Amino acid sequence: MSRRLAHRVPNVPGQYNYPLTFDVQMAPGVIARIARETPGAVMLKHEDWPGLDKITALRGLEAKGEMPRLSILTGNGGLFLDYEMERGADGAMTGYCFPDLLVDVVRMSRAGEREAAHDLFDAHLPLIRYEQQPGVGLAVRKHVLQRRGILAHDAQRTPARGLSATARAEVDHLLERLARHDARAAL
């Protein structure tokens, strides 16, 4: 690996591509170069926004033999998972209060059940969006996980705060609406 690239890329099995936080843009050509020069790099955690075209570009470089295959796992709370799967992602590595929904979308996409995957995903999208709020998103997730019986408490460590009564009512409303399309939300 070149000296210039080596100081920025740790010798790890994957790379984390989240320019919104790290303020580092990794163009497909850079990712291809990392994949070629770092045999241990086998996965890309893809959280570029918007990043659909980047997934397509990476899969195109692989198809042309210009880079080895990387597993692409997406993030961003699953906001774009339905189309990320269609563009060539392998799955998701992200949080959402219904992780089983993420699994279902990946499974349906792989099985060619495009419309079913989109319909199920679209039913969850309002709650996915609500959970993405900075500062309160984890409280939303923990509240729903507690309602689902997965967590005993929805408390967070200080200084984080829980949901206000209004926010809790909004999340419960979202769950009621979601339950009309997905029985898992009938809590």
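The lining of the second largest pocket is made up of two nonpolar, seven polar and two charged residues. Here Ala, Val, Leu, Ile, Met, Phe, Trp, Tyr, Cys and Pro count as nonpolar, Asp, Glu, Lys and Arg as charged, and the others, Gly among them, as polar. You are looking at a predicted model, where local features need pLDDT of at least 70, side-chain atom pairs count only at pLDDT 80 or more, and totals for chains, interfaces and linings use all residues. Residues are numbered from 1 along each chain as its sequence is written, and side-chain values use heavy atoms, with hydrogens and water left out.

Among the lining residues are Gly77, Thr94, Glu131 and Arg141. Helix 8 (residues 137-147) contributes the most, with three residues; helices are DSSP runs of H or I with at least four residues, numbered from the N terminus.

Helix 8 also has a buried side: Gly137, Ala139, Val140, His143, Val144 and Leu145. Buried means under 20% relative accessible area, with a 1.4 Å probe and protein chains only. Helix 7 (114-131) and helix 9 (165-179) are among the elements that cover these residues. After helix 8 comes Gly149, with a positive phi near 85 degrees.

Now for the aromatic rings: the whole structure holds one aromatic pair. The ring centres of Tyr96 and Phe98 are 5.9 Å apart and their planes lie at 45 degrees, so the pair is tilted. Rings pair if their centres lie within 6.5 Å; planes under 30 degrees apart count as stacked, over 60 as edge-to-face and the rest as tilted.

| Residue | Relative accessible area | State |
|---|---|---|
| Tyr96 | 3% | buried |
| Phe98 | 0% | buried |

Key:
1 Å grid on protein atoms, 1.4 Å probe; cavity = no way out; pocket = protein on both sides within 12 Å on 5 of 7 lines; lining within 4 Å. Helix = DSSP H or I, 4+ residues; strand = E, 2+ residues; numbered from the N terminus. Phe/Tyr/Trp six-rings, centres within 6.5 Å; stacked < 30°, edge-to-face > 60°. Buried < 20%, exposed > 50% of the residue type's maximum accessible area, 1.4 Å probe, protein only. Contact = heavy atoms within 4.5 Å.
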